Number of protein chains: 2
Amino acid sequence: MAPQFSKTDETAINTIRTLAIDAVAKANSGHPGAPMGLAPVAHVLWNYYMNFTSSNPEWINRDRFILSNGHACMLHYSLLHLFGYDITIDDLKNFRQLNSKTPGHPEAETPGIEVTTGPLGQGVSNAVGFAIAQAHLGATYNKPGYDIINNYTYCIFGDGCMMEGVASEAMSLAGHLQLGNLITFYDDNHISIDGDTNVAFTEDVSQRLEAYGWEVIWVKDGNNDLAGMAAAIEQAKKSKDKPTCIRLTTIIGYGSLQQGTHGVHGSPLKPDDIKQFKEKVGFNPEETFAVPKETTDLYAKTIDRGANAEKEWNELFAKYGKEYPKEHSEIIRRFKRELPEGWEKALPTYTPADNAVASRKLSEIVLTKIHEVLPELVGGSADLTGSNLTRWKDAVDFQPPVTHLGDYSGRYIRYGVREHGMGAIMNGMNAYGGIIPYGGTFLNFVSYAAGAVRLSALSGHHVIWVATHDSIGLGEDGPTHQPIETVAWLRATPNLSVWRPADGNETSAAYYKAITNYHTPSVLSLTRQNLPQLEGSSIEKASKGGYQLISEDKGDIYLVSTGSEVAICVAAAKLLKEKKGITAGVISLPDWFTFEQQSLEYRKSVFPDGIPMLSVEVYSDFGWSRYSHQQFGLDRFGASAPFQQVYDAFEFNAEGVAKRAEATINYYKGQTVKSPIQRAF
Amino acid sequence: MAPQFSKTDETAINTIRTLAIDAVAKANSGHPGAPMGLAPVAHVLWNYYMNFTSSNPEWINRDRFILSNGHACMLHYSLLHLFGYDITIDDLKNFRQLNSKTPGHPEAETPGIEVTTGPLGQGVSNAVGFAIAQAHLGATYNKPGYDIINNYTYCIFGDGCMMEGVASEAMSLAGHLQLGNLITFYDDNHISIDGDTNVAFTEDVSQRLEAYGWEVIWVKDGNNDLAGMAAAIEQAKKSKDKPTCIRLTTIIGYGSLQQGTHGVHGSPLKPDDIKQFKEKVGFNPEETFAVPKETTDLYAKTIDRGANAEKEWNELFAKYGKEYPKEHSEIIRRFKRELPEGWEKALPTYTPADNAVASRKLSEIVLTKIHEVLPELVGGSADLTGSNLTRWKDAVDFQPPVTHLGDYSGRYIRYGVREHGMGAIMNGMNAYGGIIPYGGTFLNFVSYAAGAVRLSALSGHHVIWVATHDSIGLGEDGPTHQPIETVAWLRATPNLSVWRPADGNETSAAYYKAITNYHTPSVLSLTRQNLPQLEGSSIEKASKGGYQLISEDKGDIYLVSTGSEVAICVAAAKLLKEKKGITAGVISLPDWFTFEQQSLEYRKSVFPDGIPMLSVEVYSDFGWSRYSHQQFGLDRFGASAPFQQVYDAFEFNAEGVAKRAEATINYYKGQTVKSPIQRAF
Ligand SMILES: [Ca+2]
Ligand SMILES: [Ca+2]
């Protein structure tokens with residue numbers, strides 16, 4: 001039944017607005033315009049439609065709310081405070097201050113914030129991931145009479161999000177996937193930082209979204225037409241085969257003297273403007289951070305409604321648990337982000353007698369094994385399935401059932417050529433809960449998704465990139481496809497695991513750590529070309545991130561390497577011994593991030609004092625002086641030719657490494673060499 | 001007049017197809033399907049419509065042709081050979097071999113290739129840049145009776161390009177800008193690597209492009225309807241206020257036994273398939289790389305037509321030169337990529353008596369000065385003009401005149417929130433010739449454009465990124481906006497200049513080098529916060545990429561730093577002297593790329609032996625062990641708070657640096673310290 005709106009609603013809306021105005025003014029920094037323009041729809045949605053329990057922000061079946069135009073976060077913080085989340089008036093007063101719960105853009109650490117947003121286009125793309133997660137888990141676990149997982153995902157986004165390519169990718173896929181429980185609001189306020197959107201953004205957004213297969217409902221007075229907003233939300237909830245965009249034409253900073261201009265976008269309202277606004281809406285201009293009792297009373301009812309909704313759901317879920325105990329405990333386990341006991345026994349191990357295999361293929365073998373014991377693993381590829389080898393045999397595709405190409409319980413997603421969209425969607429799926437997503441592309445094109453990868457690391461999303469064709473070893477496709485700088489960029493990113501396994505055991509170790517690192521995303525850098533199974537590798541050793549594959553602490557040199565170059569170093573060590581009588585050890589360092597979490601004692605045992613070390617990796621050697629005294633890498637882009645020819649052209653073979661090892665030994669002869677990991681602080 | 005098509009056209013089309021088939025088969029690697037499907041439209045376009053001179057691929061007013069689905073490059077190589085460019089049959093036989101002119105994706109080094117493509121979505125976005133350049137230079141230099149610059153930009157793209165966000169960004173802007181001379185062909189073949197596009201890509205592409213403001217013409221039989229293609233091109237050439245997409249529904253690998261399937265996309269045709277194809281189209285199945293005489297004869301006429309077109313244009317241009325000598329010589333100068341004599345005198349210089357100024361503001365001062373002497377400088381921002389300070393006062397916006405917001409002679413582009421699109425468009429503008437583009441965004445969001453930045457470096461595009469708000473110093477916007485890993489990524493990229501100027505003189509040096517490096521893109525990392533003018537800085541010294549700001553070769557330590565941290569190091573040196581009697585020198589290293597081009601002797605003079613060095617930079621310290629013995633950086637993401645509080649929280653102040661300098665000195669006490677730049681090879 002449609003709500004009847006009254007003066008009380010107006011007051012509530014103006015409470016949201018004045019909290020945002022006061023917080024931005026106190027911080028003397030922030031964005032008041034969008035919260036003022038969006039307060040009406042936020043009020044309608046939160047007070048009348050959204051299912052949530054502020055006393056339990058982790059309730060599994062809550063509706064999700066994502067603010068994609070994250071700079072408008074004072075809107076969200078105001079709502080969280082007013083609806084009883086653990087955000088106090090003091091927290092609002094600490095807006096944008098060090099270590100506050102109310103930073104300059106929404107961060108998922110704050111209770112009630114589903115996902116960190118701010119970089120434009122990410123939030124709405126995350127929302128697509130949330131909606132996929134809901135559709136998938138619903139299709140997997142719901143039973144007749146038990147609609148356990150059926151929440152809606154709500155998202156507000158602005159012109160900026162709509163201009164970003166990542167949103168285009170994700171929204172096109174959302175249309176294809178017919179995500180009926182995704183309901184978004186487009187803040188069509190015609191203002192961006194450069195002023196009127198007429199200077200750069202004159203496309204027909206409704207038509208574009210319809211082209212993607214979306215339902216678009218236009219509320220032409222997004223400032224006042226509360227009934228129109230309510231009707232739009234009700235229609236959107238009913239339509240089950242399309243994502244919905246409710247286009248709200250709003251005036252930014254509605255009520256400010258500067259409303260409708262860029263002047264109200266990114267800086268505090270002036271004192272006289274605040275005064276006139278508060279007077280106009282019946283608030284005391286002398287008071288700041290005021291919450292009228294009628295707002296508190298109104299929202300108290302909503303808080304109760306949410307608590308009741310959760311209670312009813314808990315009862316239903318308990319009943320479900322009696323009928324479907326296995327599914328019940330699996331849902332609980334997945335949302336607790338716990339792994340099934342003993343899952344890691346499914347990881348394959350290898351001996352040197354086993355065949356040489358490309359690490360992309362080794363990855364496929366792991367996925368084929370572990371998908372059976374890890375139902376939370378949901379894979380996909382950005383249109384490179386046959387190259388990334390990301391799809392286990394007989395996987396069901398995640399597709400709308402009407403397409404007859406799969407169904408929503410399917411665990412394999414066809415992302416299309418949309419790397420950035422895939423990254424943001426994976427982040428969203430993981431943030432929803434119950435899912436560990438992995439996605440494939442060429443390592444070189446992980447860069448296309450840099451915006452999403454960075455947010456993944458910042459937020460600690462548990463996602464895995466299966467990044468194949470990881471070097472000049474991909475051969476003929478040439479320098480446009482051969483990563484050189486990519487791994488340096490990834491290694492420089494905080495809280496990101498970057499695995500470059502050298503063989504089968506190391507590939508299993510990479511997955512072991514990627515799956516058990518709950519709060520760290522992982523990128524697996526995998527070869528197109530075959531790699532031999534190494535003597536001395538093991539899951540246990542590689543799981544430390546680095547180890548001595550061939551120990552020679554009293555030898556002449558250590559070769560430090562990763563991935564496909566480790567076997568080359570082993571061959572070089574053999575050559576050096578045979579031809580020159582030189583003793584070389586080999587250190588394999590498949591993941592720096594994991595290695596740096598080991599004890600100093602362990603790390604020193606891997607990188608001892610007194611022996612020169614040469615790093616060998618077919619990438620930019622940028623960063624390698626942290627783990628070696630001398631570096632062998634590439635300082636240029638690659639070349640198009642068959643794999644072995646490219647490697648030989650750049651002397652990445654046993655002879656080339658041996659030659660450089662000798663030069664390094666000669667250079668350090670007679671000098672006392674300290675371990676490269678020794679530090680003053 | 002519309003061409004009449006005959007058997008000769010069929011033969012020519014099949015010549016293109018068989019060359020592609022034979023080259024891929026010989027290389028045993030490559031993509032035959034798209035060339036086979038696209039041969040008809042390529043033939044119609046090149047033989048009947050496109051203006052080009054194969055004997056002079058650099059003719060200023062040639063029509064440009066860009067293959068955005070670069071994996072189809074054998075189509076392009078075949079055309080180049082057949083139409084008389086410097087590509088021989090032997091070059092085609094060397095397809096995808098080391099150092100050939102015919103690498104696995106088109107590279108601009110090959111005569112007739114306008115721009116390196118392959119990573120999907122880039123080429124069509126480059127094409128938007130080409131069309132902007134043409135519109136801008138035409139509006140700037142054309143005179144009544146002298147349509148000197150009026151070429152068309154043609155571009156073929158595929159489903160993959162259309163799925164990529166970068167294309168979405170660029171194409172939306174192209175619609176806004178009403179680029180009438182941009183004519184693209186969408187290879188609507190319903191196949192991508194994962195198979196039928198139905199699995200991921202079911203949007204209505206025509207409707208989407210129309211929403212962007214494009215004209216869409218659909219040729220439903222892209223395999224055979226040559227007259228339809230011709231008519232579409234003619235209509236597209238006439239429409240002057242919209243970019244055009246000619247949607248060609250084609251069958252991939254048309255004529256192969258596997259036509260219409262993914263099987264013909266990325267691997268050679270089987271021998272029996274080649275045989276049946278050649279027989280079917282009347283070619284000798286025993287022959288490879290055959291070019292029938294009737295094809296040679298047909299295309300010879302076109303080659304002549306092109307030569308004549310250039311000749312006529314040369315005459316017109318010579319006449320123009322008499323009437324408009326200044327413009328004439330300016331056009332020649334700009335297309336020769338030469339700078340006007342003495343332009344660098346416009347660069348401002350500073351003394352320590354001058355005010356502290358944010359380097360984004362210093363950048364604005366430079367742009368305000370040099371835009372007057374460098375008409376080739378065409379700027380813009382991805383919707384952050386007021387923050388990036390990229391627009392000189394009274395700049396005219398590049399806009400369709402009907403908008404009354406500017407005109408096509410305008411030199412300031414409003415890119416909208418489209419960083420990746422901006423990057424690819426800048427690459428295209430520079431590749432067109434006559435333009436040095438610069439574009440602004442926050443440093444953190446240069447990552448959104450990583451795909452374009454990489455191609456810029458690989459291709460040596462002369463473009464400049466004005467990347468402001470370059471560290472945690474941006475303050476309140478918080479960790480989602482504060483770059484940590486970004487500069488490491490950029491520094492690890494070959495052929496990329498990454499400037500982090502410390503004051504006014506260094507900012508001028510950064511621009512001096514960015515403008516004079518014709519074949520290297522530059523990223524300028526600039527502050528939001530104020531920086532003092534340093535004692536000892538100069539344009540000359542900074543132009544070497546690194547220098548001793550405070551020389552103390554006999555001192556206790558060197559502090560090595562960049563940008564906003566240099567002044568902090570100077571303060572720390574003062575503090576160390578006053579409080580501890582410690583002598584510290586300071587090395588400023590604003591651009592590693594430029595520094596690494598200096599002589600070894602010079603570099604050793606900057607980084608002498610015998611003194612420990614501590615690097616200080618508020619980024620990930622990844623890579624800094626190349627230039628220091630000990631590093632002070634960040635190993636985590638930033639925080640939302642006012643600037644000085646964030647710096648203090650991470651101890652990036654004089655006290656924090658001094659403390660770490662002392663620790664470093666103590667650690668190295670009694671040891672012989674070598675310069676960090678010393679190398680074994
Ligand atoms: Ca719906
Ligand atoms: Ca046109």
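Donors are taken as N, O and S atoms within 2.8 Å of the metal, or 3.2 Å for Na, K and Ca, and since water is not among the atoms, sites may look incomplete. This is a predicted model, in which local features need pLDDT of at least 70 and side-chain atom pairs count only at pLDDT 80 or more, while totals for chains, interfaces and linings use all residues. Residues are numbered from 1 along each chain as its sequence is written, chains are lettered from A and ligands numbered from 1 in the order in which they are written, and side-chain values use heavy atoms, with hydrogens and water left out.

**Calcium site**

- The calcium ion (ligand 1) is held at 2.3 to 2.7 Å by the O atoms of Gly180(A), Ala236(A) and Ser239(A), together with OG of Ser239(A), and along the chain these donors show the spacing G-x55-A-x2-S.
- Ala236(A) is buried (under 20% relative accessible area, with a 1.4 Å probe and protein chains only) at a value of 0%, and Ser239(A), at 15%, also counts as buried.

**Interface of chain A and chain B**

- Each chain brings 107 residues to the contact, which means heavy atoms within 4.5 Å.
- About 9,100 Å² is buried between chain A and chain B, 56% of it on carbon and sulfur atoms, where buried area is the accessible area (1.4 Å probe) lost on putting two parts together, summed over both.
- On the chain A side, Tyr448(A), Arg454(A) and Phe622(A) lose the most area to chain B, together 9% of what that side buries.
- Eight salt bridges cross the interface, each a side-chain nitrogen of Lys or Arg within 4 Å of a carboxyl oxygen of Asp or Glu.
- A salt bridge joins the side chains of Arg414(A) and Asp194(B), at 3.0 Å from N to O.

Key
Buried means under 20% relative accessible area, exposed over 50%, partly exposed in between (1.4 Å probe, protein chains only).
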